[in-house]
Amino acid sequence: MKNLVLSILLATTLYACKEVKEDRNWTSLLDNELTQWDNYLSFRHQIGYDGQAPKDKNGNLISPIGLNHDEYNVFTVAEENNEPVLKISGEIYGCIFTKKEYANYHLKLKFKWGNKKFDPRKKLLKDSGILYHSIGPLGAEHWRTWMLSQEFQIMEGHIGDYWNQANSAIDIKAFMPEYIMNPVADSSQPFLPLGASEETKGFCLRSGNYENKQGEWNTLELICFEDKSIHIVNGHIVMILKNSRYIKDGKKTPMTKGKIQLQSEAAEVFYKNIEIQDLDSLPAEYTQYFE
């Protein structure tokens, strides 16, 4: 009996140590001073923007606000229940992005919408996004704001959608679109190539809408391992992706490592509990989706 009790105590202790060890593997990316992030602001985009560099009334090119010049307080941190919460006002197009590059990781965070919207999206859905595998110069895509990257869309009713940014491309398990329809993610479907140099444009709808009510926090998770990624919304897998790449001069180059950007895109949004964990392999529960 004594040996049984000792065995139970030993097993409990080992399990507790294992839990502590696993918890310690998570690294927080958010503090009050945003020490692990840089920021970039481009322009106050207006309705009718066509992808060209904006000009003033005299026809002269307007320079972007630039790197780490956030005198407008687009990116601020406040305390809520003794934890830091990042507020992105959305007033000016831009991003906050990690100083480090990351590969083979599990990212998780919580977000909720604020109430404010700005031009050119005052009459449109609130919008933001996680841009991963971000490389190269800022302002590389249509809005002249973000780096070449892959997007985990954050938009009202569309959390987990995919957009390619600049000349990126990827394969997604999704239905082939017909006529003017967009592809829709579905784990039962074969992988469909989307994005730069592909027949299907770089947009795919998530498999379902699992967003919580306005004002409630949502938990988002992004699994990235080698060329594969998975978008998870409030515990639901909404997209399975692989063969992450970018196209330059007609050549496909793997894109499996980069910085992480959070977008400022004309809507007020809040983020907290931004954490990342290194992965030595793709977690076993997800390998079935790539077999």
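**Exercise 1. Determine which residues Ser187 touches, leaving aside residues up to four places away in sequence, and describe its setting in this predicted model.**

Solution. 
1. With residues up to four places away in sequence left out, Ser187 touches Lys173, Ile240 and Tyr289.
2. Ser187 belongs to the loop between strand 11 (168-173) and strand 12 (191-195).
3. The relative accessibility of Ser187 is 42%. Buried means under 20% and exposed means over 50%. Ser187 therefore counts as partly exposed.
4. Ser187 and Trp37 are 150 residues apart along the chain, and their C-alpha atoms are separated by 34 Å.

**Exercise 2. Give the strand order of the open sheet of 8 strands and explain what is particular to its edges.**

Solution. 
1. Strands of a sheet pair through backbone hydrogen bonds, either parallel or antiparallel.
2. In this open sheet the order is 3-2-6-18-8-9-10-13, with antiparallel pairing.
3. Strand 3 (66-67) and strand 13 (203-204) stand at the edges; each has a single partner strand, so one side of each lacks a neighbour in the sheet.
4. As an example of a pairing, strand 2 (residues 37-41) and strand 6 (residues 94-98) run antiparallel and are joined by 5 bridges. Asn39 has Ile96 as its bridge partner in strand 6.

**Exercise 3. Characterise the protein chain as a whole, and compare its radius of gyration with that of a compact globule.**

Solution. 
1. The protein chain has 2 helices and 19 strands.
2. For 291 residues, a compact globule would have a radius of gyration near 19 Å; the protein chain has 21 Å, which agrees.
3. Buried residues account for 46% of the 291 residues.
4. Of the contacts between residues at least 6 apart in sequence, 68% join residues at least 24 apart.
5. There are 33 positive and 39 negative side chains, and the centres of the two sets lie 1 Å apart.

Definitions and conventions:
Residues are numbered from 1 along each chain as its sequence is written. This is a predicted model: local features need pLDDT of at least 70, side-chain atom pairs count only at pLDDT 80 or more; totals for chains, interfaces and linings use all residues. Side-chain values use heavy atoms; hydrogens and water are left out. Helices (H or I, at least four residues) and strands (E, at least two) are DSSP runs, numbered from the N terminus. The radius of gyration is taken over C-alpha atoms; the globule rule is 2.2 Å times the number of residues to the power 0.38. Buried means under 20% relative accessible area, exposed over 50%, partly exposed in between (1.4 Å probe, protein chains only). Contact means heavy atoms within 4.5 Å. Lys and Arg count as positive and Asp and Glu as negative; His and the chain ends are not counted. The place of a charge is taken as NZ of Lys, CZ of Arg, CG of Asp or CD of Glu. Two strands pair if DSSP finds at least two bridges between them.
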